[in-house]
Amino acid sequence: MNKITILDGYIDEPTCLGVPPFISPYPRYIAGSIWNFDKNINLKYITIDQLRKNPEKIFILKKSDIIFIIAGSSVPGKYLSSYPASPQELIKIFTDINKSKKILCGPAAKYGFTGPGRSKINKILSENNVFDLYIKGDCEIIISEIIKNKNDLEKVDTFKKRKNAHEIYNFSLLGSKIVMQHPNFYNQLITEIETYRGCSRSITGGCSFCCEPLKGPPDFRPISDIVNEIKKLYKTGIRHFRLGNQPCIFSYMSKDSDKEEFPKPNPKALLNLFRGIRNVAPNLLTLHIDNANPRIISKYPKECKEIAKTIIKYHTPGDVAAFGVESIDPLVIKNNNLKADANDVYNAIKLLNSIGSNLGKNGMPELLPGINLLFGLKGETKSSYKINFEFLNKILDNKLIIRRLNIRQIIPIPGTPLYSISNKIIKKHKTEFRKFKKKVKENIEKQILKKMLPLGNIISNVYTELHIGNITFGRQMGSYPLLIGIPGKLPLNIKINVKIIDYGFRSITALPFPLDINKSNRTTIRAIPSIGRKRANRILLNRPYSSKIEFIKKFDDSKIAKQVLEYITFN
Ligand code: SF4
């Protein structure tokens with residue numbers, strides 16, 4: 001019998017994320033297409049992190065008849081404890097595996113590997129026949145053909161695409177149980193959910209850098225297909241969901257989306273979708289969104305206000321609508337056919353602030369905008385940096401909040417209008433870009449963080465993920481979670497509540513809350529406001545404490561002791 005393995009090297013695309021804690025739809029749909037053919041097929045799923053940690057697991061790949069490798073990033077990302085497989089890593093793994101058929105899926109197969117030295121790497125991969133097939137069309141459709149044709153790769157059309165969004169319905173249901181093989185299953189895994197693909201702006205060619213218009217106008221998944229997929233995942237044990245696989249959630253099920261560049265949103269469809277999800281997954285722990293088009297929000301404020309209220313009613317707080325702004329410079333907007341101008345972006349930020357800036361029950365604002373700025377675009381000059389900085393300053397001056405600011409440079413993707421200029425402008429403005437990032441970090445980001453989250457605010461359900469030196473880093477589960485540095489080495493992979501004590505440029509410093517003063521380590525105790533090295537030493541020497549009274553009695557300054565009580569417990 002066919003032994004099949006899916007190796008998840010993780011993907012990061014503008015409209016889809018599969019780097020843990022996220023699992024993208026790719027492995028789920030692929031598994032579904034295989035089990036749709038034969039539910040008894042021996043299918044294994046492993047991640048690149050499992051191979052990194054236990055290289056001996058390579059035996060799983062060596063024993064497979066066929067391996068589907070999911071990989072590729074078409075946007076540059078920053079990661080905490082997991083990161084996508086590099087081409088060098090894959091070359092090392094697969095040049096030694098000769099008996100199995102090796103099929104590359106995902107953005108790396110469609111557009112090649114991106115990043116420094118990409119042409120050389122892609123040449124090495126093809127010259128050494130590292131992979132037997134590169135899937136250029138829709139993985140799940142082509143893989144279903146491969147399995148039907150008994151692994152005969154000659155018989156499949158590698159460019160084949162799904163006929164419509166409903167064609168993947170069965171695959172999405174059958175493949176949902178593959179999540180159980182993910183090392184983060186079940187409480188630290190967010191399933192990225194597709195609602196549609198394609199962009200209504202494809203009728204004008206779309207933004208110069210983006211590959212989404214290559215998929216044509218939007219092809220919406222029916223509400224019942226999405227809700228039933230979530231129902232199945234929920235029954236499997238998944239509690240974290242993100243409706244992240246689409247260019248603009250506010251445009252889901254817009255009418256005339258194949259005729260209008262900026263179609264009118266459909267609040268009723270969004271209401272049915274969100275209500276449907278909550279009905280089938282009543283105790284979910286995360287329900288977040290991702291991309292939103294600021295021009296749609298600015299052009300249709302009434303409909304979008306209604307949609308934002310629906311989202312807030314059914315989602316979980318800490319949610320972010322990521323605006324692909326790219327640039328505020330009118331020249332760059334014109335040269336790259338970008339979606340929104342400065343007014344649109346400002347209006348959209350203001351609208352979401354008016355509805356979503358309240359702190360929710362997990363300590364984070366309900367729903368705020370995020371901004372993506374992109375450099376290296378056509379028409380960019382040195383003054384583009386000034387114009388963008390002034391716009392960010394205006395947001396700050398007007399007391400508006402952006403939950404996340406993502407500043408990046410283009411990755412030229414084959415097939416997009418920008419591909420021909422490659423990274424010429426990036427190279428030209430290397431210094432400006434570096435200076436801009438620094439200036440924004442120092443003058444904007446920290447100020448916004450302070451405005452968004454007050455000192456002493458409690459943030460709940462933070463997962464501890466990584467130690468760097470004597471600091472533990474953790475995040476909530478969700479879309480663009482805020483990075484939290486906790487002084488001291490805490491156990492990893494636990495869920496804690498924290499209390500904010502300070503701000504970094506893009507992160508906050510917080511203490512576990514409440515802090516057990518009888519058990520906490522020296523570094524954590526020392527970080528309590530008003531406690532320095534000497535007091536921390538005295539607190540440690542005088543342990544244990546059985547009550548507040550005893551603590552105050554043993555402390556050198558009763559006024560400060562009372563302030564410290566705000567952070568600690570004696571359990
Ligand atoms: S609006 Fe622009 S960036 Fe967004 S999906 Fe369409 S083409 Fe891509």
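Reply: Happy to! Helices (H or I, at least four residues) and strands (E, at least two) are DSSP runs, numbered from the N terminus. Please keep in mind that this is a predicted model, in which local features need pLDDT of at least 70 and side-chain atom pairs count only at pLDDT 80 or more, while totals for chains, interfaces and linings use all residues. Residues are numbered from 1 along each chain as its sequence is written.

With that in hand, look at the open sheet of four strands, ordered E13-E14-E15-E16 with parallel pairing. Strand E13 (291–292) and strand E16 (404–409) each have a single partner strand at the edges, so one side of each is left without a neighbour in the sheet. E13 runs parallel to E14, joined by two bridges, and Asn291 stands opposite Ala322 in E14.

Now to strand E11 (residues 240–245), where six of the six residues are buried; buried here means that 20 or more other C-beta atoms, placed from the backbone, lie within 10 Å of the residue's own. Four bridges join E11 to strand E8 (residues 190–194), and the two run parallel; in this pair, Ile190 stands opposite His240. Strand E12 (residues 286–289) is also parallel to E11, again through four bridges, with Arg242 opposite His288. Together with helix H10 (residues 267–280), E11 and E12 make a right-handed β-α-β unit: with the strands pointing away from the viewer, the path from the first strand over the helix to the second runs clockwise.

How does this connect to the domains? By an automatic or database domain assignment, the chain is divided into domain 1 (3–165), domain 2 (186–452), domain 3 (454–513) and domain 4 (514–571). The contact between domain 2 and domain 3 takes 25 residues from domain 2 and 16 residues from domain 3, where residues are in contact if their C-beta atoms, placed from the backbone, lie within 7 Å. On the domain 2 side, E11, E12, strand E14 (319–326) and helix H17 (430–452) each supply at least two residues. H17 gives the most, with six residues. By class, this side has six nonpolar, nine polar and ten charged residues; Ala, Val, Leu, Ile, Met, Phe, Trp, Tyr, Cys and Pro count as nonpolar, Asp, Glu, Lys and Arg as charged, and the others, Gly among them, as polar.

Terms used:
Buried ≥ 20, exposed ≤ 12 C-beta atoms within 10 Å, placed from the backbone. Pairing = 2+ DSSP bridges. Contact = placed C-beta atoms within 7 Å.
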